[in-house]
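Please open the viewer and keep the selection tool at hand.

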There are 2 protein chains.
Amino acid sequence: MSDTSEIGAAGRQLHLGAILEGVGADHSSWLDPELPGNASIDIGWYIDNARLAEAAKFDLVFVVDSPYITPDTAPHFLNRLEPLTLLSAVAATTSRIGLVGTLTTSYWEPYNVARQFGSLDQISRGRAGWNVVTTGLEGAARNYGREEHFDHKVRYARAREFVDVVQGLWDSYEDDAFPRDRQAGLFLDKRKQHRLDHKGEHFAVAGPLALSRSQQGQPVIFQAGDSSEGRNLGAAIAEGTFTSAQDFETGHAYYVDLKARATALGRNPDLIKILPGLVPIIADTDEEAQVIAQAAQGALDIDKLLVQLGRAFNYHDFSQYDLDAPFPNLSGVTLNSYKGHAESIIRRAQENRLTLREAAYRFGQWRLDFVGSPETIANEIERWFTGRAADGFLLRVTRPRDFALFRERVVPILQARGLFRTDYAYDTLRGHLGLPVPKNRYASREREAQAIAAE
Amino acid sequence: MSDTSEIGAAGRQLHLGAILEGVGADHSSWLDPELPGNASIDIGWYIDNARLAEAAKFDLVFVVDSPYITPDTAPHFLNRLEPLTLLSAVAATTSRIGLVGTLTTSYWEPYNVARQFGSLDQISRGRAGWNVVTTGLEGAARNYGREEHFDHKVRYARAREFVDVVQGLWDSYEDDAFPRDRQAGLFLDKRKQHRLDHKGEHFAVAGPLALSRSQQGQPVIFQAGDSSEGRNLGAAIAEGTFTSAQDFETGHAYYVDLKARATALGRNPDLIKILPGLVPIIADTDEEAQVIAQAAQGALDIDKLLVQLGRAFNYHDFSQYDLDAPFPNLSGVTLNSYKGHAESIIRRAQENRLTLREAAYRFGQWRLDFVGSPETIANEIERWFTGRAADGFLLRVTRPRDFALFRERVVPILQARGLFRTDYAYDTLRGHLGLPVPKNRYASREREAQAIAAE
């Protein structure tokens, strides 16, 4: 493996990821006749798309998740493969591309999470990432023996401690812990196996973990929260963030805010990659692409948009309001679900004096669309990148045609402009993202002790 | 997929599985120079061996597990891939062989287990199995926020309820729940999505699970407990058992007992496949094989055998006793770990008046060896099979040479005798094992309701 510890300083590079979400996180994508109806449960679909993304030199594939559904949930979430098993299968059938999976800290055990992501990191030889979420939907609690979901603040406190524990477990073995010396009969150097013995407010975990570190040291930490607590967590732990910016201004404000919060915590802000989700709608000309986008918009079902809008408010029932009256007053609705996103919707609906119908079309899809010719898409990407609204993008690749056009016609423009790699320079996700390999906490302690002893 | 519902009655067939345990669950296997020292964390090693087992038409590969280690744990367990991620990678690189992973009901959430094994079952297109264990080692508790491990009886009560919940979640969708009718705009038939709404003594889980059933309906349930509680659990839920019989008599007694318990519960005993673990030590002649076996035995380190023996007694320290005195009186030691195995060791040590040293050599390796020429090995297998001590075997395939000789020289003999398949007749693990596809509990209710309505 190449040493990536110096990359952070070597200049900015655009990063691209592909969100693999089968038949789509909205209610209409599955209608595309080019998309197999069983894409979300067909490992072949995921492997094919990961290989296409790898051939286009993408940094990573990304898998979203949620541990709760209702009969009205969007098609992809209704019936889909689980992220860690899915990414392990993709790991075995790709060789360079990063593999980022979403998993909630609210309903898992840190020891199991450390094992599974650590194992994915070994299976992929240093390509794993964990997108840390706390679960937005209240109903998830009832799948895990609880009557109520954890309060928003508690969720974020638990998440912070959870990640600390997992990262501590990942360091259980120093990199030279296994001499495997047959002559000497020495498999393990016991001094280099370490117990964490964590006892915190929310978790008590002894360790050690039965797994050594991969080529990239530890999986990369992603994070996706947008509330104030979410941003503080991201500033503290994230090496990448998946954001839901829906316009340049919002994206830029988030970018500046998150990097400032990270700097205030003593971190190097260049080592947090901010990656908004993006839906590219591409055609030969801008006009053609606009026609396609408007047709897609026109085909949307307002009832389903209201359901999707309601998801940010714990499935609040928006069908009770007049569609063409101003966006309703929601001061009585507790925001414990996707709090940051919900607050942002309310604020922007009020600022722009939107009706409920307008808000549903604008925010119901939870997404950022770039619409136009390949040149126009590349221009928008460059504008967000150079304007510090993004370090790259996570493409929602549900529509096969747009994903193909992006790979075949947009990526070459980005490459010609020197914004995006023409080949992989590294074998690990940390390498692709320009992130250093974290030192093992015990190895550095030992070196310090030796240094002191030597004085 | 072929309909396997009639197989159970179609005559007995021998089943073979390969236990993939890298550098070995004992302290000496890793010394074999043909075995890569990093086998336990190298996905390539697992994939290669799964493919070799598949080429030899084995029913399944099997992955053992334990969520607790100490510095003295045997090499494979010290540092290894986690079963579900590992098997998902193997699923993507094989096509017919079954994939059985071990996972404890003591330190997981049923909802997460149902999702991950259900997902593995979809990824492998109906080849998944879950080996249900309750965790023998007390220390595991401290990796999961508990001071003490669950009591033996509580563990088994939890396991029973846990499996019920998981199987209930697996039926969340009837097989025709997804019309995916683009014309009608109908992705899901909501009437065929079912909530479990389980509220039991140990778990409360609402559901539904966001995953439909695979080609084999549900993953196959394995089980490995040997205590009275363990056998009752196996009789109630197991479709396969991994047993630790160390001689024919013990194996036969277990076989008869378990099938009787299952019959008493109203189950068809032919639908539980009893599979002892087996270490084959093979050479051209019996004499040569005996020399190899004795050399291996002689190379064993008595201190490490005592540690391994202690593992059945929650790492009880056997080094405090005289090696050549009679096996110590352990009446003061609480048997909450591998209780059935520990009781069996005490009983057999007393019956045979073994010294501690003799018991350590005999039981410290926790295994059954068949030693001899390919013909002799095949004879032993046939004796156990026809004598109803086994329905097949799970081979510990750590030694590359013995695994090769087994595939190339023992399997053809078993095939020539009509005991073992010469090619796969099915694509699913249930197909290989002659187990029926379980009906979806909701579908049959509906059919019954229709039948009643029609009268």
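Begin with the two domains of chain A, whose centres, taken over C-alpha atoms, are separated by 28 Å. The model on display is a predicted one. To colour the domains, select residues 7-297 together with 366-454 of chain A for domain 1, then residues 301-363 of chain A for domain 2. The contact takes 25 residues from domain 1 of chain A and 17 residues from domain 2 of chain A.

Next, show the surface where these domains meet. About 2000 Å² is buried between domain 1 of chain A and domain 2 of chain A, and carbon and sulfur atoms give 49% of that area.

Which side chains form a salt bridge here? Select A:Asp247 and A:Arg348 and display their side chains. The two meet in a salt bridge, with 3.6 Å from N to O. Across the interface of domain 1 of chain A and domain 2 of chain A, 1 salt bridge is found. Now colour by residue class the side of domain 1 of chain A that touches domain 2 of chain A: 4 of its residues are nonpolar, 13 are polar and 8 are charged. Between these two domains, 2 residue pairs are in polar contact, both residues being at pLDDT 80 or more.

Then bring chain B into view and turn to its interface with chain A. How many residues does the contact take from each chain? The contact takes 75 residues from chain B and 75 residues from chain A. The area buried between chain B and chain A is about 5900 Å², with 55% given by carbon and sulfur atoms.

Select A:Lys190 and B:Asp72, whose side chains meet in a salt bridge at 2.5 Å, N to O. Across the interface of chain B and chain A there are 6 salt bridges. The polar contacts between chain B and chain A number 39 residue pairs, both residues at pLDDT 80 or more.

Finally, colour the side of chain B that touches chain A by residue class: the view shows 39 nonpolar, 19 polar and 17 charged residues.

Technical notes: Residues are numbered from 1 along each chain as its sequence is written. Chains are lettered from A and ligands numbered from 1 in the order in which they are written. This is a predicted model: local features need pLDDT of at least 70, side-chain atom pairs count only at pLDDT 80 or more; totals for chains, interfaces and linings use all residues. Side-chain values use heavy atoms; hydrogens and water are left out. Domain bounds come from an automatic or database domain assignment. Contact means heavy atoms within 4.5 Å. Buried area is the accessible area (1.4 Å probe) that two parts lose on being put together, summed over both. A salt bridge is a side-chain nitrogen of Lys or Arg within 4 Å of a carboxyl oxygen of Asp or Glu. A polar contact is a pair of N or O atoms within 3.5 Å; within protein, one must be able to donate a hydrogen and the other to accept it, and residues adjacent in sequence count only if both atoms are side-chain atoms. Ala, Val, Leu, Ile, Met, Phe, Trp, Tyr, Cys and Pro count as nonpolar, Asp, Glu, Lys and Arg as charged, and the others, Gly among them, as polar.
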